Amino acid sequence: MKKSSAKFFGKSLLALVLGIIAVAGLAVAGLLRFYGKVVGTATVTQSVQVSSDNNNWLTCSDTTGGGCTITDTFSVVAGNTAYRTYYVKNNAGVSAGIKIDDESTPGEVEELYVAVVDTGTDCKSEGVSYTNILGEEGPLSEILDPGATKKICEKVKFKINTLEGSYDVKLTVIPA
Amino acid sequence: MRKFAMIGIAFLLFVSIAYAGVLSYYGKIVGNVNVQGPIFYADFSQNKLLINTKPSQSQSVSFSDSESKFIFSDDIGGVSFNYKIKCEFSLKVWSDSENQILRLYCRYYDTSWHDLCYVDVTVSKTPTVITTSCNSGLTSITNVHRFGYRFEGQSVENVKYYIESNSDGDTRFQLDKVS
């Protein structure tokens, strides 16, 4: 038995419905979704940077310290204390909290102290208040004022029975 | 169910991207430290060995024939040295006749004095800074409280030896490892 189908101006109803949907789709496509778009490309400057000389400031190129690692080579006699100086600055317009901690310090290190002081301060002066970051005091926490540059003083002493050789002593400057 | 899983994965991906943009460090400081063995400087004005500190003034001592001069450090607290020690000597020395033999001892104290090693040097009439070394046969020493530097004349004749400690630290010894 032959099926009957509805006709409209000689066309099938199905074809008509599809035609209406297609026209409606075109109509929608013709409506504006946006009057405009604003794409802001922000270049973010690292808020806190470190430097070995208060001149060349390092910027991290990844999240694990790449590009912002100071490598400092020096000699010390076992049993003696070595003083080292680095710098940190806050580029932001707001205060920035930092923490300075040690990382994988060799057992041959007897003392590892750090302090954050004004740039004009001598790290060897008696007035410098050091924090022993190997002990319970550590890590050192400090608030940097907006735009402030400070000196990081490091004081490291190797045990007198340290075997002659090369050792890495690492400090990290991390967001507080 | 599948739809929820897809949304969850997308959310985690978004969170990880956002987290990756936040610094874990503002900076790192890696100090590559070349550590040398301790240096014991003779200071005859105080009659002792100074640890890693040069004397502030010059002072000479003398002794005759087979006599000796012995000075030692303050107590370092009973420390272990777990390596085979080499003692690298330096001394400013002269005698009142040529080619006299002087024996240098590197010593340590635990509960009594022991010789780590010794070496002989030839001394002339001209004040000269002589350097030499000797190796200990021990692979480690424990409970060390002091180190000592002994100068012993080897002459049986009528000879006088002179040794000077000074602010240049010319008379000293340094501990090193036997390579």
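Modeller: Two residues are in contact if their C-beta atoms, placed from the backbone, lie within 7 Å. By that rule, 42 residues of chain A are in contact with 28 residues of chain B. Please keep in mind that this is a predicted model.

Colleague: Which strands of chain A each supply at least two residues of the side that touches chain B?
Modeller: They are β3 (48-51), β5 (69-77), β6 (81-90), β11 (149-158) and β12 (165-175) of chain A. The largest share of that side, eleven residues, comes from β12(A). By residue class, the side of chain A that touches chain B divides into 22 nonpolar, 15 polar and five charged.

Colleague: What makes β12(A) and β1(B) a pair?
Modeller: Two strands pair if DSSP finds at least two bridges between them. Strand β1 (residues 27-36) of chain B and β12(A) have nine bridges, in the antiparallel sense, so they count as paired.

Colleague: Why are β4 and β9 of chain A called edge strands?
Modeller: Each of them, β4 (57-58) and β9 (131-132), pairs on one side only. The open sheet they belong to has six strands in the order β4-β3-β6-β11-β8-β9 (chain A), with antiparallel pairing. Within that sheet, β6(A) and β11(A) run antiparallel and are joined by nine bridges; T81(A) has K157(A) in β11(A) as its bridge partner.

Colleague: Why does T171(B) count as buried?
Modeller: The cut-off for buried is 20 or more other C-beta atoms within 10 Å. T171(B) has 29 C-beta neighbours inside 10 Å, so T171(B) is buried. Its place is in the loop between β13 and β14 (172-177) of chain B.

Colleague: Which residues is T171(B) in contact with, leaving aside its neighbours within four places in sequence?
Modeller: The contacts are A42(B), S90(B), L91(B), K92(B), I163(B), E164(B) and S165(B). The C-alpha atoms of T171(B) and D43(B) are separated by 8.3 Å, although the two residues are 128 residues apart along the chain.

Colleague: How do the side chains of β13(B) alternate?
Modeller: In β13 (residues 160-165) of chain B, Y161(B), I163(B) and S165(B) point to one face and are buried.

Colleague: Which strands pair with β13(B), and over how many bridges?
Modeller: Strand β4 (residues 59-64) of chain B is joined to β13(B) by six bridges and runs antiparallel to it, with S64(B) opposite K160(B). Strand β7 (residues 85-95) of chain B also pairs with β13(B) in the antiparallel sense, over four bridges, and there W94(B) stands opposite Y162(B).

Colleague: What joins β7(B) to β14(B)?
Modeller: Six bridges do, and the two strands run antiparallel; C87(B) stands opposite L175(B) in β14(B). Strand β2 (residues 39-43) of chain B pairs with β14(B) as well, over three bridges in the antiparallel sense, with Y41(B) opposite R172(B).

Colleague: Which residues touch the most other members of the largest nonpolar core?
Modeller: Of its 65 residues, V50(A), I98(A) and V173(A) do. Leaving aside neighbours within four places in sequence, I98(A) has contacts that include V48(A), V88(A), L144(A), V173(A) and, from chain B, Y26(B). In soluble globular proteins, nonpolar side chains tend to be buried together.

Conventions:
Residues are numbered from 1 along each chain as its sequence is written. Chains are lettered from A and ligands numbered from 1 in the order in which they are written. This is a predicted model: local features need pLDDT of at least 70, side-chain atom pairs count only at pLDDT 80 or more; totals for chains, interfaces and linings use all residues. Ala, Val, Leu, Ile, Met, Phe, Trp, Tyr, Cys and Pro count as nonpolar, Asp, Glu, Lys and Arg as charged, and the others, Gly among them, as polar. A residue is buried if 20 or more other C-beta atoms lie within 10 Å of its own, exposed if 12 or fewer, and partly exposed in between; C-beta atoms are placed from the backbone. A nonpolar core is a set of buried Ala, Val, Leu, Ile, Met, Phe, Trp, Tyr and Cys residues joined through C-beta atoms within 7 Å.
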